[in-house]
Structures are given as C-alpha cells and as structure tokens.
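Visitor: Could you walk me through this structure? I'd like the cut-offs spelled out as we go.

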Amino acid sequence: MEEYKYVGKPVDRLDEKEKVTGAAKYVDDIDFGPNLLYTEIIESPHPHALIKSIDTSEAEKVEGVVKIVTGKDFPYKFGLYMKDRYIFAQDRVRFVGEQVAAVIARDPKTALKVAKLVKVVYEPIPAVFDPIGALKEDAPVVHPDLGNYPHVPWFFPKGGTNVAHHTKVRKGNVEKGFKEADFVFEDTYRIPRYAHCCMETHIAVGLLDYSGRLTVWASSQSPYTQRNLFADALAPLGFSHKDIRVIAPYVGGGFGGKAGVTMEVIAAALATAVKGNPVKVMWRRDQEFYNTYMRQQVISKIKVGVKNDGTITAFEITNYWDAGPYVEYGANVVNASGLSATGPYRIPNVKIDSYCIYTNLPAAGPYRGFGYSEMLFSVESHMTRIAKAIGMDSVEFRRKNGIKEGDSVAYGAPMNPNGLLEAIDKVAKEIDWGKKETSNDSGKAIGKGFAIFWKAPAMPPNVSSTAFIKFNEDGSLNIIVSGMEIGQGYLTAMAQIAAEILTVPPEKIRVELPDTDRNPYHWQTVASHVTWANGNAVKRAALQIRDRIFEVVHEVYHYDKDTLYLEDEKVKCRLHHSFELLLKDFVIGGIQTENGTYRGGAIVGSGSFMPEFTSAVQDPETAQGGHPNVHYTVGAAAVKIEIDKQTGKVRILKAVEALDAGKAINPMNIKHQIYGGLLQGFATALYEDMRFDENGKILNPNFTDYKIPTSLDIPDEVVPIIVEVPQPDGPFGARGIGEHPMIPAAPIIANAVEDALGIRIKSMPITAEKIAMAILNGKKEVDEFLMIMKK
Amino acid sequence: MNKISFILNGEKRNVYVEPNDLLLDVLREKLGIKSPKYGCGRGDCGLCTILLNGKSVRTCLILAIEADGQEMLTVEGLSKDKLTPLQESFIRHNSFQCGFCAPGIIMTATEFLEKNPNPAEEEVKEAISGNLCRCTGYTPIIEAILDVKKK
Amino acid sequence: MAIAHEFEYFKPESIEGVIELLLKYKGKARLLAGGTDLVVRIKDGLEFPEAVIDIKGLTELGKLEFKNNRLFIGSLVTFNDLIDSKVVEEKFSLLWESSKTIASMGIRNRATIVGNICSAVPSLDSGPALLVYEANVVVKGSEGERVIPILDWFLGPRKTALNADEFVYGITISLPEKKNGGSYVKLGRYNGEDLAQVGLGILALEGNEYRLAFCAVGPLPGRAKKIEALLNGKSLTDSLIEEAKNLVPEEISPITDVRATKEYRLHVAKIMFERGIKAAVERLNGKGPAYGKKLI
C-alpha cells in the first residue's frame with residue numbers, strides 16, 4: 001500500500017473545535033430577528049379519515065395570530081421517487097399525526113394556545129396496519145388514485161391496490177435449484193419499525209423575502225434535493241430554482257431521517273403565506289418520532305436450498321414492507337434492498353419479491369442501512385440456522401459461499417473487488433470463533449454469533465457530485481461543496497483528499513457547509529457514497545488546480561510540466577533542484593515575469609463526478625440487464641454475549657466488525673463510525689421497542705419509553721477492523737462505510753442467543769423479556785411480535 | 001413581567017421573564033447562549049445541561065425565574081480565553097461527531113471532574129449516563145474524559 | 001417546548017408565607033422544589049396550577065441532619081445530596097442504594113425525595129426504602145404540624161394523605177435499633193436510566209426480622225406482609241426462600257404496558273426477591289456485594 005502524508009492518517013476533525021466550544025451553529029442557533037414567526041401544527045388523531053370541515057374562525061380572531069393555513073392553501077403534490085404526498089392533508093388523512101393545518105403566530109405561546117381553537121371534523125374510515133393484510137382483496141385502499149401518480153420509470157405501482165411498488169428479481173431457475181438441494185429450509189422473520197432518534201429534531205425556517213426569493217434554512221442531508229422538491233411542490237407559484245435557496249448549517253445527526261423532504265416543505269410553503277417574515281417549524285421530540293420517516297417494518301419469508309457440502313443452490317425471499325401511507329422515498333428502500341436481498345453470497349438461482357405496501361401507520365422511509373439493516377436480520381439468521389442444520393460451521397459456510405470479485409449478483413452484474421474473505425478471517429480470529437466459552441456463573445450462558453453483510457449505495461443512475469476549491473492569500477484553501485457534515489467526518493475527509501494532492505495541510509483547509517446559492521451541486525448526503533462521489537469531485541478539483549499551477553509555472557519559468565511537483569506547499573522541480581516557489585506567493589497575485597508583467601492570477605479549481613456505467617433499464621420482470629448499483633462495501637461481524645438465564649438480560653462482552661473501506665481516508669473516524677453504528681444496531685436488537693395502539697397511534701414517542709443506548713450500555717469491548725481492497729474508481733481507492741457498521745448488529749445477536757441457549761428468536765427486538773419467557777416456557781423458537789398492542 | 005438578575009459566565013446580567021418562561025428558552029432567545037439545546041423537553045436526554053451553582057441541571061425543566069440570584073456556567077463561559085483541558089482532550093480524540101450532545105456532555109463532565117479528578121472508567125460511564133449521544137457509541141468520549149487526568 | 005399555561009410565581013421567605021399562599025389558592029397552587037415532575041406535567045397539560053410556590057427560598061428545608069439516632073431530610077434535599085452524604089451511605093444504605101438508581105446526574109441534582117413521595121407515582125424508587133425504614137412525613141399546615149407515617153402516606157396513584165393547605169416539611173427516619181442489611185433491586189429495560197418495571201426494597205434485621213416493600217407492581221407501593229409473616233423469626237434457608245417466592249404473586253398485581261408484560265414482571269419479581277433477600281442477609285453479616293452493585 002502506498003504511504004500518503006494525509007490520506008490514511010487519523011487527522012484531527014476540522015469541526016471538533018467548533019463543536020466543543022459551542023461555536024457550531026445548527027439551524028435553531030441562528031438568530032432570525034424580531035420578525036421570526038412560530039408555528040403549531042394541527043394533527044390528525046385518526047389513522048384514516050375523511051376531512052369533513054376545518055373551522056379556523058375562532059382561532060383567527062386571537063391577537064398575535066398572523067395566518068392559519070390548511071390543505072386548501074397548498075394543494076400541491078410532491079415526492080422524491082413518486083409523487084404521493086401533499087404538504088398538508090387534502091381530502092383525507094392517512095396516519096395519526098399527519099399535518100392538517102398550521103397556526104402561524106408572533107410568539108410560540110400564542111401558537112400553542114390558538115392551535116387548540118382550530119376545529120376539524122373527521123369521518124373515520126377503515127384503516128389497515130398489517131402489510132400482508134393490506135394485500136387482501138377487501139383491504140382498505142390507502143391511495144385510491146395510485147394509478148395516476150407520477151413516478152420514476154423503475155417503479156411499478158399497482159393502481160387500485162396498496163402495492164406502491166414491487167421489485168422482482170429472477171436469476172436462473174429456483175425450482176431447479178431447490179430440486180438440486182439436499183436440504184431446503186423455509187421460515188418467516190418479523191422486523192418492526194424503529195426511529196432514528198437524531199439528537200437534533202427536524203427543523204426548517206423559511207423566508208419569502210419581499211423580492212420573491214425563498215430561502216429555507218434546514219437541518220438537512222439533502223439541500224439540493226430539497227431545493228428541487230420545493231421548486232416542484234411549489235411550481236404553481238412559479239419559482240425558478242435560482243430563486244430558491246437552501247442553507248444547511250451543521251446537522252445534529254441524520255441517519256437517513258433528514259434525507260429527502262419531510263416536514264421541511266411545511267416551512268417552505270408557510271413562508272409563502274407570510275411574505276417578509278421568517279417562519280420557523282421545529283419538531284418536538286414526539287413529532288420527531290411520528291411525523292418524519294420511521295424505519296420500515298418488514299415481514300420476510302425466506303427459503304434456501306443447500307447441498308450437503310454447504311453450497312447454496314437456491315434462494316427465494318419475499319419481503320413485505322410496511323412503508324406507511326407515503327412511500328415517495330420508502331419505495332426505494334424496498335427496491336434497493338430487494339435487488340440485494342441475497343446478502344453477499346454467490347447463488348446461481350435467485351427469486352426475490354420485495355413489496356412496498358401502503359398502510360396507515362406513520363410515514364416510513366430511509367434509515368441507516370436503507371433496507372439492508374432490516375432484511376439482513378432475516379437472511380443472516382436463516383443462513384446460520386441452515387449451517388447448523390447440515391452440521392457445518394457458521395463461518396465456514398460463509399467462507400464457502402461468500403461472494404467473490406466477478407461473481408454475478410442477483411441482478412446479473414459482476415461483483416466489485418472486495419475483501420469479504422479477509423474480513424471473515426479477521427473477525428473469526430478476533431472473536432476466537434470455534435472456541436466455546438462458558439461462564440463462571442452457572443446462571444449465565446455465553447454465546448457467539450457471526451454474520452457477513454454488504455450494501456451498495458442506493459441511488460438513481462445519474463447522481464452527480466461537484467466541488468469548487470479556492471486559495472486564500474496565505475496559501476490556505478476553501479473547499480466549497482454541498483455534501484453535509486452530519487457527524488460522519490465528511491469535512492475532514494474532503495480536506496485530507498485535497499491536502500494530499502495540493503500538499504496544503506488539513507489545518508490550513510476549511511470545507512464550507514452547503515448554501516445552494518454558492519456551493520455547487522451534490523445530490524444528497526445518503527447512501528454511504530459521499531466519500532467516494534464527492535471525494536472524486538474534490539480530487540478532480542484539486543488536480544485541476546495542480547495542473548493550472550504547473551501551467552503557470554511553465555509559462556513563466558519554462559520548466560517542463562512533467563518535471564514539476566508539489567511538496568510542503570511549494571512548487572518544486574525534479575530537474576532544477578534549487579527551484580522552489582511558495583504557493584502563497586502566487587496563488588492570488590500571480591507570478592511576476594522578467595519584464596514586470598504577471599501571469600496566472602487567482603487560482604481556482606472545480607471538479608465534477610458522475611458514474612457513467614450505472615443504468616436503471618433492467619427488465620421489470622427479472623431485474624436483469626441493468627447496472628443499478630455502483631459497487632458494494634462488504635464486511636463481517638461477530639459478537640460474544642453473556643445471558644442471565646433468569647432475567648434474560650444480555651451483556652455484550654465483545655463485538656468485532658471488519659469493513660472493507662477500500663482505502664480508509666481517516667482510519668480513526670472510520671473506527672468511530674463502527675463504535676457508533678454497532679451500538680445503534682445492538683439497540684434495535686435488544687431494547688428499542690416501538691409500540692402502537694390498535695388505532696395506529698404510537699404509544700412511546702419519547703426517550704422515557706423508547707430506549708436508546710446510554711454510556712452504560714456499550715459492549716465491554718469493541719474491536720473495529722479496517723480491511724482495504726481498493727475500489728478502482730474511488731479517490732485513493734476509497735469507498736463509503738457510513739451506514740454499514742449498523743447492518744450486521746441484529747443478526748449477530750440473534751445468532752449468539754441461539755448459540756448460548758439453543759433458542760431461535762425470529763422477531764425483533766430480542767428483549768430480555770422475550771429471552772426470559774422463552775427459557776421459562778421451554779420454547780425453542782419465538783416469533784412473538786408486540787409492535788401493535790392489543791388491549 | 002419580572003426582572004431577574006444572575007451571574008452568567010462570570011458576568012452580571014438582567015432579563016425580563018414571565019413565570020412560565022423556561023430557562024432553556026430564555027438562555028437561547030434572550031441571552032444569546034446557544035450551547036444548551038432542545039432535545040426532548042422532558043429531562044430525558046441531557047442536551048440542555050448547564051451548571052447552576054456548580055451543579056449540572058436540565059434547563060428544559062427549570063423556570064427561568066428560578067435563576068434569579070443564582071450563578072450559571074455554560075460552554076460559552078468555558079471557551080472565553082483558553083480551552084479547558086477537557087475540551088482539548090475531546091479535540092485530540094475526535095470525540096464528537098454531529099456535536100449536538102457535546103455541550104451537555106461537556107458541562108456534565110466538567111462538574112464530574114471537579115468532584116472526581118481521577119475517575120475510574122465505570123465512574124465516567126455512570127456520570128455521563130444521563131447524556132444521550134446517537135452518533136459516537138460513547139467510547140471516544142469516555143476515552144477523552146479519562147485522558148484529562150493524565151495531562 | 002414552550003409552556004402556554006399561565007400562572008403566578010411566588011417565592012415565599014417563611015413557612016407562614018407558604019401556608020398563606022396555599023390557603024389563598026385553595027388547592028389550585030403547586031409547590032416547586034426541583035421541578036422535575038411538576039414542570040413536565042405542566043408542559044404535558046396534566047397540571048394547570050394558578051400559582052407556583054417556589055420553596056427554595058426557605059433554606060431550613062435544605063437540612064440533612066443525623067441527630068439522636070434520627071435522620072432528618074428536609075424537603076429541599078436532593079437525591080444527589082443523599083448520595084453524597086456519608087451518614088446516609090453508611091447508616092441508611094438501602095436509601096442510598098435506591099437513590100443511586102434514579103434517573104441521571106442532571107435530574108438528581110434537582111429532584112428531591114420529598115418531591116418523589118408527593119408525586120406518589122406507583123413506580124417511585126424512594127418508596128420501598130421509606131416503607132421498610134418506616135419513615136415519617138413531617139407536614140406543616142394552617143392547623144400546625146403533624147406527622148404522617150409513611151405507611152399511611154400513599155392513598156393511590158398520584159394521591160397522598162396531604163391536605164390542600166399543607167406542605168411537607170421533611171421526612172424523618174429513625175435508625176433501626178438492630179444491625180441490618182438491605183437491598184434495592186430494580187427491573188429496568190437496560191443498563192441506562194429507566195422507570196422501575198418492578199422495584200423491591202428489603203431490610204434484613206438482626207434476629208431474623210425481615211421487611212419488604214414493592215413498587216411499580218400495583219397502584220400503590222406497599223409492604224409485602226404475607227412474605228414478612230412467613231419469614232419473620234426464621235433463619236433463611238433455600239426452602240424457605242422457595243416458599244416465600246411462591247407468595248410473590250399474591251403480594252403484587254402488575255399490569256402489562258409498553259414497558260413489560262404482567263407475566264415477565266411476575267417472573268422477575270420472584271428472582272429479584274431471591275437475589276435481594278440473599279444480598280440483604282449477606283450485607284447484614286458484613287459480607288455480600290457492595291451497595292450499589294446491581295443484582296439483576
């Protein structure tokens with residue numbers, strides 16, 4: 001491996017000082033002046049109802065109220081991949097908590113008081129909460145007009161039903177594959193909804209100034225995509241993209257929940273109703289739970305066939321996704337994970353059906369892992385059970401069937417270079433796989449669980465990323481980009497890439513947060529693709545600058561460009577060793593020639609990157625023929641747990657995860673992603689437990705009863721391992737890893753519980769209660785699912 | 001409206017408040033102190049933590065008027081001249097990611113290290129257990145707090 | 001977020017001042033100490049007082065004192081004050097251990113034990129310890145001072161024996177005459193802070209005397225009289241513990257809610273009893289796990 005000066009080093013985060021001094025500004029920290037208006041949203045108490053009337057007359061009379069708006073004021077549809085939602089409910093509401101109207105007032109207390117005076121009359125209609133039930137002939141139809149909704153060409157909604165989309169993958173012949181198998185095993189797994197629980201709740205402030213320009217400050221992962229959606233949603237008001245500006249300062253956590261557009265469109269729309277006044281829409285913690293995106297529920301039916309020697313001959317899976325009533329983003333979760341639902345295995349015969357189903361539970365969509373965290377629980381639980389059934393070691397099974405470079409994935413495209421086998425070996429070694437451990441305490445049982453995982457960025461085939469770079473008089477740099485620093489260390493990684501090429505150290509580099517007026521385009525900060533895509537753009541911009549520098553030096557000094565190089569912020573020459581020109585001496589002012597005139601001037605660079613080999617033209621019946629995914633990042637993970645057999649409580653003794661990052665731009669920050677992502681995943685496995693009542697209302701929209709990890713819940717030991725099999729088209733070989741750390745967490749826990757107790761738990765979360773009651777009642781398999789609580 | 005006064009980050013300040021104004025809101029909106037954040041409004045997450053008379057408290061559950069005559073310290077007060085050894089340790093360890101939990105953890109850890117300058121790892125975990133962080137998995141934060149005693 | 005409900009705020013400087021306000025507002029006033037319960041309830045629209053009476057101006061209420069074998073805990077004493085007190089840690093270890101399980105640093109720096117018993121939530125962590133220590137609640141009102149035994153204090157969920165013109169001055173706990181050991185065992189969903197799904201406080205006194213109290217498994221916290229009757233006077237054996245475990249379902253009536261099912265609570269309550277009573281007796285004999293170590 002080539003040794004670099006900045007890339008591959010644990011460089012200090014660029015944003016850390018701002019964050020530890022309180023200088024870092026998030027949207028609510030910006031002062032918007034005395035004209036800032038406050039809102040309160042009137043929300044539906046019903047999961048599915050017709051809106052009969054809205055009476056705002058009493059509310060409007062109160063002093064301090066500026067405006068009250070309802071769906072009538074904004075009858076505009078929007079959506080990222082499918083246009084199925086409105087800014088405010090129109091003729092009907094489709095989930096408990098859906099926004100029906102908004103009060104805009106001069107102060108927050110008035111807004112709160114007045115919201116209670118708005119009277120809405122509803123006529124409840126039958127609702128549906130179970131995704132499989134929603135497929136029945138007589139199920140209530142959530143979107144009667146589904147057949148008319150505009151959508152991207154690679155989605156297939158079925159009008160007249162609750163099927164918003166159906167991904168079909170057919171490779172080889174599964175019937176033949178099952179016949180060839182010596183052992184076939186089929187079962188069902190259930191994964192409930194989860195919440196992102198970003199520390200910063202969603203917030204957006206919109207201002208339509210008196211000249212007609214709309215500015216929205218948003219805690220967002222996607223400023224450019226938001227701008228595009230606002231332009232689309234508010235198109236009847238005649239906005240051009242250049243007259244909408246989205247500014248995204250630091251974001252207090254995203255995890256996919258701040259991708260696309262959810263409540264931000266409310267601020268944009270309300271701004272147009274109160275011209276000249278900035279209007280703030282900020283979610284309370286409970287709204288953050290029920291009116292953003294939840295992680296989708298999925299019911300997975302898997303059938304796998306293997307030969308006695310462990311070779312997988314056939315794989316069939318049907319995933320029924322409960323995506324809520326608005327799937328404009330969630331449908332892609334279903335699609336993306338559907339294409340890759342086999343997991344990282346080499347399988348000749350594959351049948352995948354992934355259904356995106358409308359229900360009347362709250363809107364659901366992207367969450368770290370984008371469908372892979374959800375469905376890998378099923379796949380990796382199932383694979384371990386199969387290995388056990390044929391008497392094969394779990395890890396050996398993965399080694400044998402793990403996908404290699406060049407193997408074809410489910411939709412026919414070839415697998416990229418990857419370190420899956422290396423990851424498997426390193427994890428197995430670190431967890432001491434094969435060595436059965438027992439606890440000194442007879443009341444406790446120790447078990448180990450293993451899983452492999454993968455994920456590809458789920459994106460349209462034509463996503464672009466760009467960057468500008470400019471110098472300052474002292475040779476420091478500004479990198480101007482529209483990726484988002486949501487905590488992952490993005491700013492630092494970009495600085496390291498530019499630093500490596502231009503030899504300006506990261507301490508002399510700033511990376512600017514997005515402002516769509518000024519920073520050039522980037523699609524969204526999602527999909528774990530930003531280090532790769534924007535890193536490539538930054539690298540191209542830096543190379544462009546370097547070329548320009550050499551050109552100017554050549555013009556003045558006549559040295560051959562091929563002999564020039566950069567080192568320690570200077571231009572040097574391999575032929576003329578005494579030549580040395582400090583960058584800061586000419587990157588703004590140019591180089592003076594012999595006759596006193598100057599060449600060069602202020603040097604800037606730009607870079608643009610878009611993959612040119614991806615396409616979404618696959619056959620809708622088989623998914624063959626396209627190239628929808630750029631590449632996969634792979635990994636392996638294992639956990640060792642100790643279970644108290646009486647209380648069912650699980651203690652995580654050791655967790656190990658290996659990720660193939662291609663090239664770790666900042667290894668320290670990647671390890672930190674592993675600490676955070678694994679813990680987030682373990683929480684979904686062990687104690688995050690979303691509950692609804694029979695009317696589709698969330699029962700625990702707060703931290704008192706939806707438990708997220710504290711410092712007391714971390715594993716005793718976490719070992720992060722970085723594998724580096726370069727990504728040929730990645731900057732310095734890098735590929736993304738942001739989502740991946742979370743993906744294997746749930747199945748390794750399920751597998752470890754089975755190893756410890758011989759009990760297979762097929763539904764999440766695997767709470768202490770489920771374990772204890774299974775032991776108490778002598779059950780070997782548990783599929784109890786408590787998400788909707790019966791009275 | 002009641003006029004209240006107190007010492008904030010070493011300086012005597014006054015402000016007018018209604019009885020039902022929350023301390024978190026008054027700090028952020030009337031006193032220019034943005035470091036304590038809104039996270040849950042119920043005292044469950046610790047994002048709104050400051051030091052009141054040297055003790056870490058949740059400003060989302062305190063009426064502003066209760067601060068009359070008291071002394072408050074926030075992250076802004078720690079960052080006026082040099083950074084504290086704790087802040088520098090966090091920078092060295094790249095501890096915070098999105099940073100939203102940072103002010104709450106910094107104030108809690110500041111109180112803790114004052115009482116317990118040479119803590120064991122378990123004590124650190126317990127001290128910050130009421131401050132939620134979704135990004136980091138806590139390990140780099142705990143390491144940074146432990147590293148302060150070595151300096 | 002913001003509180004829309006409007007109320008008056010007072011910070012009286014004397015006991016008489018507090019009582020005067022209580023009489024004036026006839027049950028429509030609420031006392032404010034730490035505020036960690038009251039402020040949440042006002043925000044949630046569950047309390048709408050006309051006046052809030054801040055008692056933090058009465059410094060005598062902050063007294064935490066051990067004198068003549070009696071501990072006095074003033075109504076401004078916070079849970080962290082109790083935890084930081086050597087006297088509480090060494091002489092009232094069960095109360096110390098219970099306090100450590102509550103919430104977080106930031107809450108414990110404000111929340112008071114008097115506030116906890118005034119809230120009278122079924123899951124209150126201070127309940128079991130106070131019940132087995134047989135504490136007394138010192139109350140002052142327009143008719144003077146009276147003492148309410150803690151065994152008569154809890155009347156129902158969020159209902160106490162306090163009258164509208166009264167407020168709690170403090171709690172007194174007499175040091176048990178006999179050598180003793182205790183344990184507070186609490187069921188939560190994970191290691192982080194949680195409201196008890198089952199709470200059990202046990203005091204084992206020299207001479208085979210046992211006192212037990214549960215919280216979170218019924219509308220009131222209460223003493224487990226049947227189990228006490230079975231155990232009292234006897235030395236602890238495995239078969240006695242087994243017999244007592246079978247009485248647990250008769251002492252408690254847990255419900256199913258988002259936090260846990262009735263069945264799991266019943267099951268773990270038995271285990272908590274077994275581990276808790278063993279630890280209490282070990283501690284009585286100067287052995288056993290250190291106070292503060294979690295048993296489940």
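Guide: Two residues are in contact if their C-beta atoms, placed from the backbone, lie within 7 Å. This is a predicted model, in which local features need pLDDT of at least 70 and side-chain atom pairs count only at pLDDT 80 or more, while totals for chains, interfaces and linings use all residues. Residues are numbered from 1 along each chain as its sequence is written, and chains are lettered from A in the order in which they are written.

Visitor: OK, what share of the contacts in chain A with a separation of 6 or more comes from residues 24 or more positions apart?

Guide: Such pairs account for 79% of those contacts in chain A.

Visitor: And how much of chain A is buried?

Guide: Of its 791 residues, 62% are buried, meaning that 20 or more other C-beta atoms lie within 10 Å of the residue's own, again placed from the backbone.

Visitor: How many helices and strands does chain A have?

Guide: Chain A has 16 helices and 34 strands, taken as DSSP runs (H or I, at least four residues, for helices; E, at least two, for strands) and numbered from the N terminus.

Visitor: Switching topic, how many residues does each chain bring where A meets B?

Guide: Chain A brings 43 residues and chain B brings 39 residues. On the side of chain A that touches chain B, H14(A) gives the most, with eight residues.

Visitor: What about chain C, where are its domains?

Guide: An automatic or database domain assignment sets the bounds, giving domain 1 (8-57), domain 2 (59-174) and domain 3 (180-284) in chain C. The C-alpha centres of domain 1 and domain 2 of chain C lie 18 Å apart.

Definitions and conventions. Buried ≥ 20, exposed ≤ 12 C-beta atoms within 10 Å, placed from the backbone.
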